[in-house]
Amino acid sequence: MTDHQIASREEWQAAREELLKREKEHTRTGDALARQRRELPWVAIGKEYRFDADDGTRTLAELFDGRSQLMVYHFMYGPSYQAADPVNSSIADGLDGLLPHLHARDVTPVLVSQAPLVKLQAYKRRMGWSIPWVSAANTDFNFDFGASAAQEPLRPPGLDEDGLPPVVAQNAAAAGTDIPGYLSESPAVSVFTLTGGAVYQTYATTWRGVEFLMNYYPILDRMPKGRDEGDAWQTWLRRHDEYDD
Amino acid sequence: MTDHKTGTPEEWLAARLELLAAEKELTRRSDELARRRQELPWYRIDKDYRFDTDQGPASLAGLFQGRSQLLVYHFMFGPGYTAGCPNCSAIADGFSGSVVHLAHHDVTLCAVSRAPLAKLQAYKHRMGWSFPWASSSGSDFNYDFHVSHTQQEWQAGAVQYNFREMDFRPPAGQESSRDAWSESTFGEDWETYRREGPGMSAFALEDGAVYHTYSAYERGIDVLWGMYAWLDRAPRGRNETGIWWRRHDEYDSQ
C-alpha cells in the first residue's frame, strides 16, 4: 500500500478544482509579467561584435538571420572545457525541436559560447543538434553581457567555493575542467531586437531565470514525486548519449 | 528608429531589477503550486484499460515501462484523422528532446490517442519523434479522462472539459469555415475533430496499483509548449492573432 493520502475520485476532483483556481491565478500573473517584460525600455547596442560562425564572421545584426527578434542562450562552454556539461546539453536537447515554431514567430534562437568554434562544431555533431551555435572567442560579447569572466569565477550570488551545489563539481568534471575553469562561464539569456538597421537589447536573465529552458522541470512539477532532487539538483542529468540503458 | 521606449543601460537595469523582483515572486509561487500538486490526494484506477503499443497490447500499468511515474500526453489524433493535430505536434516537438532525461528520473512520458496504432506509428515516423505513443482505440480511457467527447455531449453543448461543461459547437455562421479548416488539416469535419481535446494526466504506480494524481487541460498545458516560454520573453511576446502554428514540416519557409 502507498503512504500517500488516498481519496475517492470525487474527493480528488474537489481538491483538484481548488488547486485549479490557484493555477489559473498563476497563469494570469505570468501573462502580466510577460507584458511587463515587453514594456522594458530598449537599449541601443552601439558596439560592434564579431562572432565566429559556420559560414564565417558574423555581426550581431547578422545573427538575426533575417528575422527581427534574436534570443541568445549563453551556452556554458568555456575555453578550458573539453565538452559541454550535461545540464547545458539538456537545454539544447529541448530547444532543437522548437526551432521551426520560433522561426515562424519571427524569433531566431542562437547559442553563443566562449570556446573556439571548432570545439562547438565537434560537440554539436556528436549531439545531433541543428540549432545555430557561434563562438564569441574573438569578441567582448560574453564579457559585456555577464556570461563569461576572464578573472574571478562566476557563481550564484551568496555562494562561496564551499557553498557550491554538488552539480558544479560534477559538471566541471564532465566538462573536463576544474571548478574555477568551469565557472569562467555562467548560464544566461540575452534578447535583442533589430529595427531600422539598429540592434537593441530588450531583456536578459540568468540563474533560475533560465529555468524556462529546462522543459523537464515544469513536467516534473506536475508529477507525483515532483523534482525529487533535493540539494543534489540537476545531478541526475546526463548527456543524452551517456545514459546507461 | 524605433517607436518603443528606449533608455540608457542604467535605466534599463533599474527597470529590469524591478521586474526581477516580480519574476522571483512568480518562481516562488510556482514552487509552492508544485508542492500543492504533490499534496493532492490520489485515487486508485480500478478499470482495466487496454492499449495497443509498439510492444503489443498493454495495460495502464504496462505504460509505465518499469518506472513509478507516468505522464500521459493526450494527443489529439482521432480514429478518422488523416494526420495528428498541429497544436499537439508543436507541443510534442517541445517535449520530445526531454523524454530521455525524464525517463532517467523515473518518469515515462507516453502519448495516447484514439487513432489506430498503425496511424500513430506512421505519423511519428514522419515527425521524427521517438517517445512512446499508445493507441486507446477500443478503450474508454480518453472518455474517462475527458479528452474525447460523445456525440450526445457535443449536441447538448455540454462537453466535460477542464473540470467544467463547455460548448465547443461553432457560433452560427462559422460552421462552414471551421469545417473547411479542419477538412484541410485532418480530413474531418469540425465536430469530429473537436470531439478530441488536448490534456495531460499523471499517474503513480505503487505495489501494482495505479493511482491518478493530476490532470490539466487548456492553458494548464501551456507549460508543455516549450515555445511559449520563449515567446513570453521575446520583444513581441506571443504575438498571436489566430492559428499560426503548423506541423514542423509544413511551414512555407524558415
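Visitor: What share of the contacts in chain B with a separation of 6 or more comes from residues 24 or more positions apart?
Guide: Such pairs account for 63% of those contacts, a contact being two residues whose C-beta atoms, placed from the backbone, lie within 7 Å. In chain A, 68% of the contacts between residues at least 6 apart join residues at least 24 apart. The model is predicted: local features need pLDDT of at least 70, side-chain atom pairs count only at pLDDT 80 or more, and totals for chains, interfaces and linings use all residues. Residues are numbered from 1 along each chain as its sequence is written, while chains are lettered from A and ligands numbered from 1 in the order in which they are written.

Visitor: How many helices and strands does chain B have?
Guide: Chain B has 10 helices and 10 strands, and chain A has nine helices and eight strands. Along the principal axes, the C-alpha atoms of chain B fill a box of roughly 65 × 50 × 35 Å, and the C-alpha trace of chain A spans about 65 × 45 × 35 Å.

Visitor: Why are α1(A) and α1(B) called roughly antiparallel?
Guide: Helix α1 (residues 9-38) of chain A and helix α1 (residues 9-39) of chain B pack at about 160°. Angles over 145 degrees count as roughly antiparallel, under 35 as roughly parallel, 65 to 115 as roughly perpendicular and the rest as oblique. The pair is therefore roughly antiparallel. The axes of the two helices are 11 Å apart; each axis is a line fitted to C-alpha atoms over the stretch in contact, and angles run from 0 to 180 degrees between N-to-C directions.

Visitor: Which residues meet where α1(A) packs on α1(B)?
Guide: Among them are L19(A), E23(A), L33(A) and R37(A) on one helix, and L19(B), E23(B), L33(B) and R37(B) on the other. Ala, Val, Leu, Ile, Met, Phe, Trp, Tyr, Cys and Pro count as nonpolar, Asp, Glu, Lys and Arg as charged, and the others, Gly among them, as polar.

Visitor: What makes up the contact between the chains?
Guide: The contact takes 77 residues from chain A and 74 from chain B. On the chain A side, the largest share, 20 residues, comes from α1(A). That side divides into 36 nonpolar, 24 polar and 17 charged residues.

Visitor: Why does D54(B) count as exposed?
Guide: A residue is exposed if 12 or fewer other C-beta atoms, placed from the backbone, lie within 10 Å of its own, buried if 20 or more do, and partly exposed in between. D54(B) has 12 C-beta neighbours inside 10 Å, so D54(B) is exposed. D54(B) lies in the loop between β2 (50-53) and β3 (56-59) of chain B. D54(B) and L117(B) are 63 residues apart in sequence and 7.9 Å apart in space, C-alpha to C-alpha.

Visitor: How do you know that helix α3 of chain B is largely enclosed by the rest of the structure?
Guide: Eight of the 10 residues of α3(B) (residues 86-95) are buried, so the helix is largely enclosed. The buried ones include C88(B), I91(B), D93(B) and F95(B). The buried residues of α3(B) pack against elements of both chains, including α4 (99-104) of chain A and β5 (107-113) of chain B.

Terms used. Helices (H or I, at least four residues) and strands (E, at least two) are DSSP runs, numbered from the N terminus.
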